[in-house]
Amino acid sequence: GVMFAEGSEMLIMGSITTLLHDHWGLDPWVRGLMVSIVFIGFSLGNLLSGIIGDRYGRRPAILVSYLMIGGFGLATAAATGPVMMITFRFFVGVGCGIGFPSVYSLIPEVCPTHHRGTVSSLMIGFMPLGELYAAVGVLLIDPNLEGTSGHCELGYEPSIIHVVKEGAAYRSRCSWRTLCEWGALPAFVFFTFSFLFLYESPHWLASQGRTEEVEKVLKTITVQNRMTSVLVPRFLTTASARESMRAQQVTFAQAVAILFSSVYFATTVFMMFAHFTKDFCVFGLAYVFPQFFAAHGTYSPGIELTITASLALPGVVLAVLIMRWDGIGHIQAMSVTALASALCAVGMLEAAPDLLSSPMAYCVKFLTLAYFIVVVVYTAEVFEAACRNTAVRWCTGVGRVGSRSPTPEDS
């Protein structure tokens, strides 16, 4: 759900950047900051996620994430100028940053080892589903990304009210407000489902000594999976086992020391660079594609974005197959998908024939998402448990530096 909401928000923001430029007359620096500020917030959210997730649990962190993504995403529809828009987008990024590490900590704590790669791949697959949802919204609300004009700065009523009152006339005048509201809706839907059906991590509860709650959660999982008996982990069987587990826990400083020790130093640096590359490609493209298709696409940007988001889904299937195939290692998979993405990106350059531009963009979207998934899954597997959460946060944080999308002029 966090990935779905994030995918939706990222594509919507990329789509409305041109509309806001026309509406507010933004200079290139402000336009760049408007799309980059989300990832600055994401880095802060990563730091807060460790505090919230380790002290209060995975579930509260995920719920806070949904509230921030939805609440501040919805607030962007009421922005009256660039400063307000940038402020709201910063807090949307903080919400995304709080949710992502907590979800990734939760998966290995509740999922069998032999299913973790597949489950992680499917989870990331919700990001292109969120993009597809947003692309459908663009297609329905403003397929040509040109429906904005003056006289829509005033008032804080949801724009959907004006759409009902005035019909297509208002939507064509203030489509960016409607798109902002459309992009924020999934976060509220997932918050509701998570509040009702998401349980706390049994592993985290056990680390806090809350054994009664652990047993309650395990019994619920047993019923949902139609098992005949409750499987109680070894760390709950005896007091000495629980004390041993606590003794194996390390502080943040110790975890960082492990990451940069002689054993993991090369791996840590490489994975940070891999995360930088994956975020630069995937999130950068989310902002670049709307302007790219407006300039080069055969169809309207709304149609092109819908096609691109749809074609990203086979990238998830490819990643799942790679995760389950013993004949290729994760490092090989990273190398192949990265090289294929780079070669296809050449077809998007201005010097390439126009006939290749859209097909190559489709291929790049497909392949970069596969690369994205392989990198994330490998990061969660290559580091030992004592420093895994810290490794994910550090690598993800460095990766977000690469998320700064080019401004439309750079594109």
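Close-up 1. D279 is buried, with a relative accessible area of 0% (buried means under 20% relative accessible area, exposed over 50%, and partly exposed in between, using a 1.4 Å probe and protein chains only). K278 counts as buried too, at 2% relative accessibility. The side chains of these two residues, K278 and D279, meet in a salt bridge, 2.5 Å from N to O. That term stands for a side-chain nitrogen of Lys or Arg within 4 Å of a carboxyl oxygen of Asp or Glu. This is a predicted model, where local features need pLDDT of at least 70 and side-chain atom pairs count only at pLDDT 80 or more, while totals for chains, interfaces and linings use all residues. Residues are numbered from 1 along each chain as its sequence is written, and side-chain values use heavy atoms, with hydrogens and water left out.

**Close-up 2. T368 in helix α17.** Helix α17 covers residues 354–382, and T368 lies in it (helices are DSSP runs of H or I with at least four residues, numbered from the N terminus). T368 is buried, at a relative accessible area of 4%. Look for D279 again here: its C-alpha atom and that of T368 are separated by 9.4 Å, though the residues are 89 apart along the chain.

**Close-up 3. K365 meets E131.** The structure holds three salt bridges, and one of them joins K365 to E131, with the closest N and O atoms 2.5 Å apart. K365 sits in helix α17 and E131 in helix α6 (residues 126–141), so this pair links distant parts of the chain, 234 residues apart. Both K365 and E131 are buried.

**Close-up 4. R89 meets E9.** In this salt bridge, the closest N and O atoms of R89 and E9 are 2.8 Å apart. R89 lies in helix α4 and E9 in helix α1 (residues 2–24), so the pair ties together parts that are 80 residues apart in sequence. R89 is buried at 2% relative accessible area, and E9 is buried at 1%.

**Close-up 5. Helices α2 and α4 side by side.** Helix α2 (residues 28–56) packs against helix α4 (residues 82–110) at an angle of about 35°, with the axes 5 Å apart. Here axes are lines fitted to C-alpha atoms over the stretch in contact, and angles run from 0 to 180 degrees between N-to-C directions.

**Close-up 6. L196 in helix α9.** L196 has its place in helix α9 (residues 175–197). Buried or exposed, which is L196? L196 is exposed, with a relative accessible area of 52%.

Technical notes:
Helices (H or I, at least four residues) and strands (E, at least two) are DSSP runs, numbered from the N terminus.
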